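User: I'm new to this structure and would like a close look at one part of it, the place where the two chains touch. Could you walk me through that, and then through what lies around it?

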Amino acid sequence: MRASFQLGLLTALTLLGAAPARAQEPVKAPKPNSTQLERASDVPDPEKIRRSNAAVSRMRSVLTEVLGRLEDARATKDVVKLNCVNEKLTQVKGLLRISEQSDVALQEAVGRKDVTAAEHEYSKVSIARNKVEQLRNEAEQCIGQLAFRTDENLTVEVEVPSGLPTEDPTNPKSAAPPTSSPPPASPIL
Amino acid sequence: MTQDDSVPIEEDPVLGGPGRLRRMPPHASRVLWLGAALAAVSVQAQTAPVASVSSAAGDNNGIRFGPGRLHPYLDLELRYDSAALYAPVNPADPASALELKPELIMHFRPGFRFDVSGTDTSFGLNAFYDYVWYTGALTSGSADASRSEAGADMHGEFNREGPVEFDVGDSFSRNAQPHDIGLGLAVISLYNQLRLTVPIRPGGRALEFRPHGEYAVEFFGSYSGLPPGAGACPAGTCPPTASDPSSADYQQYSGGLDVHWKFLPQTAVLFESSYEGRSYFHPAAGAVPPGSLLKLRAGMAGLVTPKIQVVLKAGYAIGFSGAASTFIFQTEGTWLPNETSAVTLGVLRDVDPSVGAASATDLRAYLNSRTFIIGRLGLHLNFAYDLISFTQGRGQQDQLFSIDLGPEYAVARWFIVGAGYVFSKRTSDYASSLPLNYSRNEAYLRLTFTY
């Protein structure tokens with residue numbers, strides 16, 4: 001029951017991530033490695049455990065990367081970029097949590113010699129790893145507010161005419177009243 | 001007037017000299033101290049933003065002094081003045097008719113300039129002492145007209161980047177060129193003006209409110225005797241005794257609100273308002289009471305093309321206490337052919353309080369041009385014509401004409417040579433008043449040493 005619920009959640013997260021990913025026009029994400037799923041039965045149990053551990057480690061490092069991008073967006077107070085990265089981060093966190101649980105379940109299944117359960121848990125980790133890689137690419141392509149409002153290739157050139165007065169021409173000095181210096185005259189001369 | 005009635009023309013090369021200070025009214029010393037204290041406070045206030053002051057000044061000449069640069073300088077000027085003074089036609093007879101006499105006059109003008117430049121705060125102080133020496137080379141006895149002059153100008157702008165700026169300025173001068181055009185004889189003027197402005201720029205700084213206030217005082221000391229041959233003096237413009245012109249000492253206050261709105265980065269529409277009032281410290285009996293004025297103007301100022309700058313203002317001055325109520329305006333155009341050249345042509349009509357009258361209306365046409373070529377040579381040409389109409393009191397018209405041209409050449413960064421020619425002429429309806437009717441030709445050679 002729990003396993004089917006987690007698989008449903010994984011599917012939901014995958015579908016949820018697909019829609020905004022299309023909106024951002026990401027690069028084409030690699031399709032889930034169906035070959036790897038089909039051949040899960042061919043992977044020896046010890047190799048399943050090793051690959052599962054490596055996948056979880058990789059997903060943790062991706063989480064750290066995306067967290068860094070989130071901090072950058074927050075520091076620049078770029079709301080558009082912040083929302084975009086935060087959305088990816090939420091999905092990565094969910095996938096990582098599921099993968100960690102599946103990794104434990106995989107080890108338990110191998111210990112019980114339950115082949116079906118082991119292959120099921122291994123498949124979940126594999127799918128999650130691929131999806132996290134896709135989310136990482138999408139997080140990298142989250143564009144900022146400025147870029148969102150203008151074209152990324154837009155350049156602005158401001159031409160200032162030469163010879164403009166250095167003083168503020170809108171605030172001219174008041175004209176001083178006229179002055180005169182009458183010649184002196186003295187009876188002592 | 002007898003010999004005993006006369007006041008000796010200043011001989012003390014020290015600023016005013018002890019005797020000079022004794023003769024000054026008590027307000028004079030207060031003004032001096034106020035100016036000095038204000039300058040000191042302003043300098044101290046600049047200590048704080050040392051870290052924020054731009055280091056651009058560091059590349060220039062001058063002595064590093066706190067946050068700014070101190071530039072000492074010395075001007076040596078030899079000037080020929082065809083109307084240096086009136087002297088008796090017959091030197092042996094002081095009571096004989098007077099005539100204008102020429103003289104060679106030397107100026108020894110040490111001073112300093114202190115600049116603190118910054119984006120948020122700036123400060124400047126320029127001060128000098130000037131000993132004016134009548135050499136006696138062309139007119140015997142003229143050395144008695146030698147005198148001490150001085151001048152200082154200070155300005156400070158604080159929080160220029162903020163929404164509320166605070167500007168303060170102070171101008172001080174002591175010379176033989178009074179700021180009031182109405183006075184009918186030669187005097188020594190001691191003048192100080194304090195200016196305060198608080199530019200307020202809400203929002204994007206395109207709209208600017210500029211409440212401002214000014215307070216000025218001017219004290220007059222005796223410099224010239226008034227022998228009978230000097231002619232009649234317009235009513236109210238000469239003191240009862242020429243030895244005591246202090247009856248014209250005045251204080252003038254003004255304040256108002258200006259509003260500028262930059263509808264383009266370099267062009268703004270503006271509205272200006274100011275109220276100007278004056279009072280005399282100890283007026284002579286029967287003196288014309290001073291008028292006061294409320295001036296309202298509107299117009300525009302700024303660049304209309306990258307090469308043409310204009311000032312167009314028009315309005316009305318409402319006179320009180322006998323001052324003129326009349327239209328006032330300023331129309332000025334400046335052509336800027338390059339970064340170091342400018343030619344300004346303008347017409348101005350304005351009203352100001354004046355000694356001996358409730359007000360004086362000035363209609364002026366002027367041309368100012370300057371250029372700086374080959375990096376070292378500067379040329380200037382200035383022309384002005386003023387038609388001054390006095391109201392209630394003197395009730396006559398004076399005309400002033402002046403033209404000033406000459407080159408300046410920077411031989412080295414620390415040595416500048418300047419020369420020029422100045423012609424000035426004043427005529428008055430009071431044709432019999434010699435101090436108000438004269439023509440003057442001046443030629444000068446000036447050496448400036450600066451660091």
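Analyst: Happy to. Across the interface of chain B and chain A, nine residue pairs are in polar contact, with both partners at pLDDT 80 or more; a polar contact is a pair of N or O atoms within 3.5 Å, where within protein one must be able to donate a hydrogen and the other to accept it, and residues adjacent in sequence count only if both atoms are side-chain atoms. On the side of chain B that touches chain A, strand β2 (residues 68-88) gives the most, with five residues. Helices (H or I, at least four residues) and strands (E, at least two) are DSSP runs numbered from the N terminus. Sorted by class, that side of chain B has 31 nonpolar, 14 polar and eleven charged residues. Here Ala, Val, Leu, Ile, Met, Phe, Trp, Tyr, Cys and Pro count as nonpolar, Asp, Glu, Lys and Arg as charged, and the others, Gly among them, as polar.

A word on the basis: this is a predicted model, in which local features need pLDDT of at least 70, side-chain atom pairs count only at pLDDT 80 or more, and totals for chains, interfaces and linings use all residues. Residues are numbered from 1 along each chain as its sequence is written, chains are lettered from A and ligands numbered from 1 in the order in which they are written, and side-chain values use heavy atoms, with hydrogens and water left out.

Chain B brings 56 residues to the contact and chain A brings 25, contact meaning heavy atoms within 4.5 Å. About 3,500 Å² is buried between the two chains, and carbon and sulfur atoms give 61% of that area. Buried area is the accessible area (1.4 Å probe) that two parts lose on being put together, summed over both. In chain B, the residues that lose the most area to chain A are B:Y86, B:Q177 and B:Q266, together 12% of what that side buries.

The interface also has one salt bridge, meaning a side-chain nitrogen of Lys or Arg within 4 Å of a carboxyl oxygen of Asp or Glu. Its partners are B:K262 and A:D168, whose closest N and O atoms are 3.6 Å apart.

Over all chains the count of salt bridges comes to 39. Strand β2 of chain B comes up again here: B:D75 in that strand pairs with B:R109 in strand β3 (residues 98-116), 34 residues apart, with the closest N and O atoms at 3.1 Å. B:R109 counts as buried at 13% relative accessibility, and B:D75 counts as buried at 10%; buried means under 20% relative accessible area, exposed over 50%, and partly exposed in between (1.4 Å probe, protein chains only). Both residues belong to a network of salt bridges that also links B:E77, B:R79, B:D130, B:E408, B:E442 and B:R446.

Let's finish in chain A. The whole structure has one disulfide, a pair of cysteine sulfur atoms within 2.5 Å, and it joins A:C84 to A:C142 with an S to S distance of 1.9 Å. A:C84 sits in helix α4 (residues 79-112), while A:C142 is in the loop between α5 (115-140) and α6 (145-149), 58 residues away. The torsion about their S-S bond is about -70°, so the disulfide is left-handed. Both A:C84 and A:C142 are buried.
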